[in-house]
Amino acid sequence: MSKKTQELLELLRKQWLSPDRAFIIEFMGGTGWSRQGRADAIAMDLWPSKGLELVGFEIKTSRQDWLKELKNPAKCEPIKQFCDRWYLVVSEDYHIVRREEVPDDWGFIYKNYMNKLETKK
């Protein structure tokens, strides 16, 4: 795992982890050979009164990695289909992704110049 990915995961953990919400990194959609799909991280509400919302995160730290994802956008579907929200998370939005490339049903989070996460979509 790259240093940039670790930094983004730590920022996400600080933002999303709380006493009533779990935050899990490298979430796999199953066990052993039967697993299908993965998310770089998920956040899940733990109380029914909060709606039990499930939020998935796909982290990209390079343009090359993002372009590879765009060639196979269905890759995330085995996990994304169960999420209430799905976000693309990048370290530097202007170097990695063009806003028009973000699928309509994905949110967009990036690390700003003050080392804070901002949600744009």
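Q: What do the side chains of E101 and R98 meet in?
A: The side chains of E101 and R98 meet in a salt bridge, at 3.3 Å from N to O. A salt bridge here is a side-chain nitrogen of Lys or Arg within 4 Å of a carboxyl oxygen of Asp or Glu. Keep in mind that this is a predicted model: local features need pLDDT of at least 70, side-chain atom pairs count only at pLDDT 80 or more, and totals for chains, interfaces and linings use all residues. Residues are numbered from 1 along each chain as its sequence is written, and side-chain values use heavy atoms, with hydrogens and water left out.

Q: Is E101 buried or exposed?
A: E101 is buried, with a relative accessible area of 18%. Buried means under 20% relative accessible area, exposed over 50%, and partly exposed in between (1.4 Å probe, protein chains only). R98 counts as partly exposed at 47%.

Q: And which residue does D40 form a salt bridge with?
A: D40 pairs with R38, and their closest N and O atoms are 2.9 Å apart. D40 counts as buried at 10% relative accessibility, while R38 is partly exposed at 32%.

Q: How far apart are the closest N and O atoms of E118 and K120?
A: They are 3.9 Å apart in that salt bridge. E118 is partly exposed at 28% relative accessibility, and K120 is partly exposed at 44%.

Q: Which residues are linked in a network?
A: Salt bridges link E58, K60, D65, E69 and K75 in a network.

Q: How many salt bridges does the count come to?
A: The count comes to 15 salt bridges.

Q: Switching topic: which residues of α1 are buried?
A: T5, L8, L9, L11, L12 and W16 are the buried residues of α1. They cover an arc of only 160° around the axis, so they sit on the same side of α1. That arc is taken from the directions from the helix axis to the C-beta atoms. Helices (H or I, at least four residues) and strands (E, at least two) are DSSP runs, numbered from the N terminus.

Q: What is exposed on the other side of α1?
A: K3 and K14 are exposed there.

Q: What do the buried residues of α1 pack against?
A: They pack against β1 (21-28), β2 (38-45), β3 (54-60), β4 (85-90), β5 (107-111) and β6 (117-119). Contact means heavy atoms within 4.5 Å.
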